[in-house]
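Trainee: I am new to this one. Could you walk me through how its features get their labels?

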Amino acid sequence: MGAHAESIALVKVAAHAASEKMAENMVALDVADRLGVTDAFLIVSGGSEPQVNAIVDEIVAEVLDEYSMRPIRREGFGQGRWVLLDYGDVVIHVQHQEDRIFYALERLWADCPVIELPEELSENQK
């Protein structure tokens, strides 16, 4: 069945917001068939604690502006190492580059399909 169109649209809005704050290594995964409680993950990295927090702020602001939605849960904010934003059907992980390598979420969910992000977002990461 896979992720719903609304979830994929939310992932793309969040990815766009993250790219505005120069997020790196953005990966979106369709976890709907494997996890059942959520449709998609967006995983992005920042190079410093302030950048991680700035990425999170931008995602929250853009999702609120676009969908009038606030995260159901927000964990790890302020520490700037790994912030989780739970929007129900979409969970966003914003990680410091070092934590991203250490926890390797993509490896844990490697059997899940990748959600293609707009090409212009991928170009911003080069």
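This is a predicted model: local features need pLDDT of at least 70, side-chain atom pairs count only at pLDDT 80 or more; totals for chains, interfaces and linings use all residues.

Trainee: What makes strand 2 count as largely enclosed by the rest of the structure?

Mentor: Strand 2 covers residues 40-46, and seven of its seven residues are buried, so it is largely enclosed. The cut-off for buried is under 20% relative accessible area. Ala40, Leu42, Val44 and Gly46 are buried on one side, and Phe41, Ile43 and Ser45 are buried on the other.

Trainee: How do you know that strand 1 and strand 2 pair?

Mentor: Pairing needs at least two bridges. Strand 1 (residues 24-30) and strand 2 have five, in the antiparallel sense, so by that definition they pair. As an example, Leu29 stands opposite Phe41 in strand 2.

Trainee: And what makes strand 2 and strand 5 a pair?

Mentor: The cut-off of at least two bridges applies here too. Strand 2 and strand 5 (residues 90-96) are joined over seven bridges, in the parallel sense. Ile43 has His93 as its bridge partner in strand 5, and Ala40 has Val90.

Trainee: Why is strand 5 called largely enclosed?

Mentor: Seven of the seven residues of strand 5 are buried, so the rest of the structure largely encloses this strand. Val90, Ile92, Val94 and His96 are buried on one side, with Val91, His93 and Gln95 buried on the other.

Trainee: Which way does strand 4 pair with strand 5, parallel or antiparallel?

Mentor: Strand 4 and strand 5 pair in the antiparallel sense, over five bridges. Leu84 stands opposite His93 in strand 5. The two strands form a hairpin with three residues between them, and Gly88 in the turn has a positive phi of about 85°.

Trainee: What makes a group of residues here a nonpolar core?

Mentor: The members must be buried nonpolar residues joined through side-chain atoms within 4.5 Å. The largest such core has 28 residues, and Leu42, Val44, Ile59, Leu85, Tyr87, Ile92 and Val94 touch the most other members. Helix 1 (5-20), strand 1, strand 2, helix 3 (49-67), strand 4 (82-86) and strand 5 each supply at least two residues of this core. Helix 1 gives the largest share, seven residues. There is also a second, separate core of nine residues, which includes Ile43, Leu84, Val91 and Cys112.

Trainee: What does Leu42 touch, leaving out residues up to four places away in sequence?

Mentor: Among the residues Leu42 touches are Val11, Ala14, Val27, Ile92 and Leu117. In soluble globular proteins, nonpolar side chains tend to be buried together.

Trainee: Why is the contact between Arg74 and Asp57 called a salt bridge?

Mentor: The cut-off is a side-chain nitrogen within 4 Å of a carboxyl oxygen. The side chains of Arg74 and Asp57 meet at 3.4 Å, N to O, so the pair qualifies. Arg74 is in strand 3 (residues 73-75) and Asp57 in helix 3, 17 residues apart. The whole structure has eight salt bridges.

Trainee: What makes Glu98 exposed?

Mentor: Exposed means over 50%, and Glu98 has a relative accessible area of 51%, so Glu98 is exposed. The side chains of Glu98 and Arg81 meet in a salt bridge of 3.0 Å, N to O. Arg81, at 23%, counts as partly exposed.

Trainee: Is Arg100 buried or exposed?

Mentor: Arg100 has a relative accessible area of 7%, so Arg100 is buried. The side chains of Arg100 and Glu106 meet in a salt bridge of 2.3 Å, N to O. Glu106, at 26%, is partly exposed. Elsewhere, salt bridges that share partners join Glu49, Arg81, Glu98 and Asp99 into one network.

Conventions. Residues are numbered from 1 along each chain as its sequence is written. Side-chain values use heavy atoms; hydrogens and water are left out. Buried means under 20% relative accessible area, exposed over 50%, partly exposed in between (1.4 Å probe, protein chains only). Helices (H or I, at least four residues) and strands (E, at least two) are DSSP runs, numbered from the N terminus. Contact means heavy atoms within 4.5 Å.
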